Amino acid sequence: RYTLGRWGNVEDSTQAIIFNFSEELPLANNPDALIRLLSRKLIGGVLKPRSFQIIRETLVKMPLTGTTWQKDRVDMAAYLIGSSAEFNIQK
């Protein structure tokens, strides 16, 4: 379960945004499509080419083994987009 809260406080679930990335799991094997979809959903598709490339390179280096590799890849993509300057800049 992934949450985002104001000022980092997600203890009060009424104040938190709860993310569900289950729809993205089928795209785990297609990093480009996964990044584009998450970019659209999380930041309105404004991910810069260099940020896209960094995230893509990270995802393709992740092993495709184990029972949770799809979830791990989706989670990493969401985490990196959420850590990007494009996500964190107030407009």
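Which residues of H2 are buried? Keep that in mind while we get our bearings.

This is a predicted model, where local features need pLDDT of at least 70, side-chain atom pairs count only at pLDDT 80 or more, and totals for chains, interfaces and linings use all residues. Residues are numbered from 1 along each chain as its sequence is written, and side-chain values use heavy atoms, with hydrogens and water left out.

**Stop 1: the whole chain**

Show the chain as a cartoon and you'll find four helices and two strands. Helices (H or I, at least four residues) and strands (E, at least two) are DSSP runs, numbered from the N terminus. Follow the sequence and the pattern reads β-β-α-α-α-α. Of the 91 residues, 32% count as buried; buried means under 20% relative accessible area, exposed over 50%, and partly exposed in between (1.4 Å probe, protein chains only).

**Stop 2: helix H2**

Select residues 49-61, which make up helix H2. H2 has 13 residues and reaches 18 Å from its first C-alpha to its last, close to the 18 Å expected (1.5 Å times one less than its number of residues). Back to the opening question: the buried residues are Ser51, Phe52, Ile55 and Leu59. Look down the axis of H2 and they fall within an arc of 100°, so they line one face of the helix. That arc is taken over the directions from the helix axis to the C-beta atoms. Why can a helix do this? An α-helix has 3.6 residues a turn, so residues three or four places apart point the same way. The buried residues of H2 pack against H1, H3 and helix H4 (85-88); contact here means heavy atoms within 4.5 Å.

**Stop 3: the nonpolar core**

A nonpolar core is a set of buried Ala, Val, Leu, Ile, Met, Phe, Trp, Tyr and Cys residues joined through side-chain atoms within 4.5 Å. The largest one has 17 residues, and Leu38, Leu47, Leu59 and Ile81 have the most contacts inside it. The elements giving two or more residues to this core are H1, H2 and H3. Pick Leu47 next: beyond four places in sequence, Leu47 touches Ile35, Ser39, Phe52, Ile55, Ile81, Ser84 and Glu86.

**Stop 4: helix H3**

Select residues 69-83 for helix H3, whose 15 residues reach 21 Å from first C-alpha to last, close to the 21 Å expected. Its buried residues are Trp69, Arg73, Val74, Asp75, Ala77, Ala78 and Ile81.

**Stop 5: Leu34 and Glu24**

Leu34 lies in helix H1 and is buried, with a relative accessible area of 0%. Not counting residues up to four places away in sequence, Leu34 touches Glu24, Leu27, Ala28, Leu59, Arg73, Val74 and Ala77. Hop to Glu24, in the loop between strand E2 (16-19) and H1. At 1% relative accessibility, Glu24 counts as buried.

**Stop 6: Ile43**

Where is Ile43? Ile43 belongs to helix H1 (residues 31-43) and is buried at a relative accessible area of 12%. Draw a C-alpha to C-alpha distance from Ile43 to Asn88: they are 45 residues apart in sequence and 9.3 Å apart in space.
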